[in-house]
Amino acid sequence: MSQPSPNLEFTRRYLQALEAGATGEALAAFFHPEVRQHEYPNRLTPQGTTRDLAALLASAERGQKAVAAQRYEVTSELCVGDTVAVEAEWSATLRVPVGSLPAGGTMRASLGMFFTFRDGRIVSQRNYDCFQPF
């Protein structure tokens, strides 16, 4: 059996860090300084958005105020060269109400995430987040 690529292993550690609530320097360690994250339009971000490193870190801090815990259940993953593609089922226990979900409720989404690596870190992340009704 072949060993997973370093980029795939790195992506798995990144998702584990997100589950553990990593912020600040602990989270920044996963990203190349020139990182760009593209979140395509979804129910939470209707216009979509693009974030640089500072905006990614600020978003993680805001997320800690809204989400008590989160989980990424990877359903498929693929690595080709410097690109990793992940499909995952995401769930989060809310600290605050969102739409019809109460504080303490669970928000769920099916995710498609595509990562590009440079110098062993994530330089591009593209998210296609499909939220269940809330």
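These legends describe close-up views of a predicted model.

Local features are given only at pLDDT of at least 70 and side-chain atom pairs only at pLDDT 80 or more, whereas totals for chains, interfaces and linings use all residues. Residues are numbered from 1 along each chain as its sequence is written, and side-chain values use heavy atoms, with hydrogens and water left out.

**Figure 1. The protein chain has three helices and six strands.** Helices (H or I, at least four residues) and strands (E, at least two) are DSSP runs, numbered from the N terminus. Along the sequence the order is α-α-β-β-α-β-β-β-β. The C-alpha atoms fill a box of roughly 45 × 35 × 25 Å, taken along the principal axes. Of the 134 residues, 40% count as buried. Buried means under 20% relative accessible area, exposed over 50%, and partly exposed in between (1.4 Å probe, protein chains only). Among contacts between residues at least 6 apart in sequence, 52% join residues at least 24 apart. A contact means heavy atoms within 4.5 Å.

**Figure 2. Helix α1 spans residues 6-19.** Its 14 residues reach 20 Å from first C-alpha to last, close to the 20 Å expected at 1.5 Å a residue. The expected span is 1.5 Å times one less than the number of residues. The buried residues of α1 are Asn7, Leu8, Phe10, Thr11, Tyr14, Leu15, Ala17 and Leu18. These buried residues pack against α2 (24-28), β1 (31-39), β3 (67-80), β4 (83-94), β5 (106-118) and β6 (121-131). Gly21 follows α1 and has a positive phi, near 85 degrees.

**Figure 3. The largest pocket holds about 930 Å³ of space.** A pocket is an open set of points on a 1 Å grid over the protein atoms alone, where a 1.4 Å probe fits, with protein on both sides within 12 Å along at least five of seven lines; lining residues have an atom within 4 Å of a point. Grid points are joined across faces, edges and corners, and the volume is the space filled by probe spheres set on the points. The lining has 35 residues, with Ser59, Gly63, Gln70, Tyr72 and Trp90 nearest the centre. Elements giving two or more residues are α1, β1, α3 (53-66), β3, β4, β5 and β6. Helix α3 gives the most, with seven. By class, the lining has 21 nonpolar, nine polar and five charged residues. Here Ala, Val, Leu, Ile, Met, Phe, Trp, Tyr, Cys and Pro count as nonpolar, Asp, Glu, Lys and Arg as charged, and the others, Gly among them, as polar.

**Figure 4. Asp119 lies in the loop between β5 and β6.** Asp119 has a positive phi of about 55 degrees, although it is not a glycine. Most residues other than glycine have a negative phi. Asp119 counts as exposed, at 66% relative accessibility.

**Figure 5. His32 sits in strand β1.** His32 is buried, at 7% relative accessibility. Leaving out residues up to four places away in sequence, His32 touches Arg118, Asp119, Arg121, Ile122 and Val123.

**Figure 6. Ser100 is found in the loop between β4 and β5.** Ser100 is exposed, with a relative accessible area of 61%. Ser100 and Glu89 are 11 residues apart in sequence and 20 Å apart in space, C-alpha to C-alpha.
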